[in-house]
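Here are my notes for someone opening this one for the first time. Have the structure on screen and follow along point by point.

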Amino acid sequence: MSELKEYAPGSFCWADLVAKEVGVAKDFYTALFGWTFEDRPVMENAVYTIFSKDGKQTCAMFEMFPGMLESGHPSFWQSYVSVESADETVKRAVELGGQAAQEPCDVFDVGRMAMIRDPGEAFLCLWQPRAHKGAEVMNEPGALNWNELLTKDLERAGTFYAGLFGWQSTVAPNPAGEDYTVFMSGEEPRAGMLELTPDMGGMPPHWGVYFGVENFDAALDKAVSLGGQGTFPPMDIPEVGRIGGIMDPQGACFTAMESAMASAGSGD
């Protein structure tokens, strides 16, 4: 178990689901992960739903904006990186060839957020923490445990994120065949990166989220029974665990991971 109070700048700290129908999403994720939820009004006719596991915040959800709903866009997960200054990070992202997808703004007293679009067109949220630091638990079943960039240009993305967060890229063999890039901050792994290939069906560049599960096959069976489906065949990665893709009933995709270390526990 990793119960967290602070996040180092440049580390992933939070995720939220942009859902077409929040009621459908609540039913799916509370049944799949055993989460509870709390609806928090954030503005007129808008609610931010906090998901928790055993009383500790894991991630959140809000309803898709009307324009995106009308376009038929599926639900999707967003990833957040903790930063010292949202304003300075957006400025630096633009200098490195990215875009400011959402200018920095204060979120009450809990923090300051922004969104960037990297040169490969993947969106990433930035979080400058105040009262809210991020997820209160990670790296266990029912909680976030990894983030992964899928992009068309590995070299360009590596250069961009090295300049933005100081991440270093290391490459390791992947059981699926292609190399897998791990972004490191010193000795700490921050995220992974894979190249988008034609056989991925035109998937757009994006930052994906992983959630821990006790047993992948059981989690996939449960997801299917709840109206979800698998998105790519499960694979066993030595010293990492068993992973596979799951799509919720409204099209939001994530990767579920049964950790190889689960039986031995986890620590920082």
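1. Start with β2 and β5: these two run parallel and are joined by four bridges. Strands here are DSSP runs of type E with at least two residues, helices are H or I runs of at least four, and both are numbered from the N terminus. Two strands count as paired if DSSP finds at least two bridges between them. Along this pairing, Ala19 sits opposite Glu63 in β5.

2. A word on what you're looking at: the model is predicted, so local features need pLDDT of at least 70 and side-chain atom pairs pLDDT 80 or more, while totals for chains, interfaces and linings use all residues. Residues are numbered from 1 along each chain as its sequence is written, and side-chain values use heavy atoms, with hydrogens and water left out.

3. β5 has β4 as an antiparallel partner too, through six bridges, and there Ser52 faces Gln57 of β5. The β4-β5 hairpin has two residues between its strands, and Asp54 takes a positive phi near 55 degrees in it. How much of β5 is buried? Six of its eight residues are, so to speak, under cover, where buried means under 20% relative accessible area, exposed over 50% and partly exposed in between (1.4 Å probe, protein chains only).

4. Zoom out and you'll find these strands in an open, mixed sheet of eight, ordered β3-β4-β5-β2-β6-β9-β8-β7. β3 (36-43) and β7 (99-107) are the edges, each pairing on one side only. Neighbouring strands are turned by 25 degrees against each other on average, direction ignored. Further along, β8 (residues 111-117) and β9 (residues 123-129) run antiparallel with seven bridges, and Met115 has Cys125 of β9 as its bridge partner.

5. Helix α1 packs on this sheet, touching β2, β3, β4, β5 and β6, and its direction makes about 155 degrees with that of β5. Touching means contact, that is, heavy atoms within 4.5 Å. Angles run from 0 to 180 degrees between N-to-C directions, with axes fitted to C-alpha atoms (for helices, over the stretch in contact).

6. β12 pairs antiparallel with β13 (residues 180-185) over five bridges; Thr170 has Val182 of β13 as bridge partner.

7. Next, a helix pair. The axes of α3 (residues 86-95) and α4 (residues 154-165) come within 9 Å and cross at roughly 145 degrees. On the α3 side the contact uses Thr89, Arg92 and Ala93, and on the α4 side Phe160, Gly163, Leu164 and Phe165.

8. Aromatic rings deserve a look: the whole structure has 26 aromatic pairs. Rings of Phe, Tyr and Trp (its six-membered ring) pair if their centres lie within 6.5 Å; planes under 30 degrees apart are stacked, over 60 edge-to-face, the rest tilted. Phe165 and Trp167 make a tilted pair, 4.9 Å centre to centre with 40 degrees between the planes. Phe165 is buried at 14% relative accessibility, and Trp167 is buried at 2%. Elsewhere, ring pairs link Phe28, Tyr29, Phe33, Trp35, Phe51, Trp77, Phe211 and Phe254 into a cluster.

9. Finally, some loop residues. Asn139, in the loop between β10 and β11, has a positive phi near 60 degrees and is partly exposed at 36%. Glu239, between β16 and β17, has a positive phi of about 65 degrees and is exposed at 77%.
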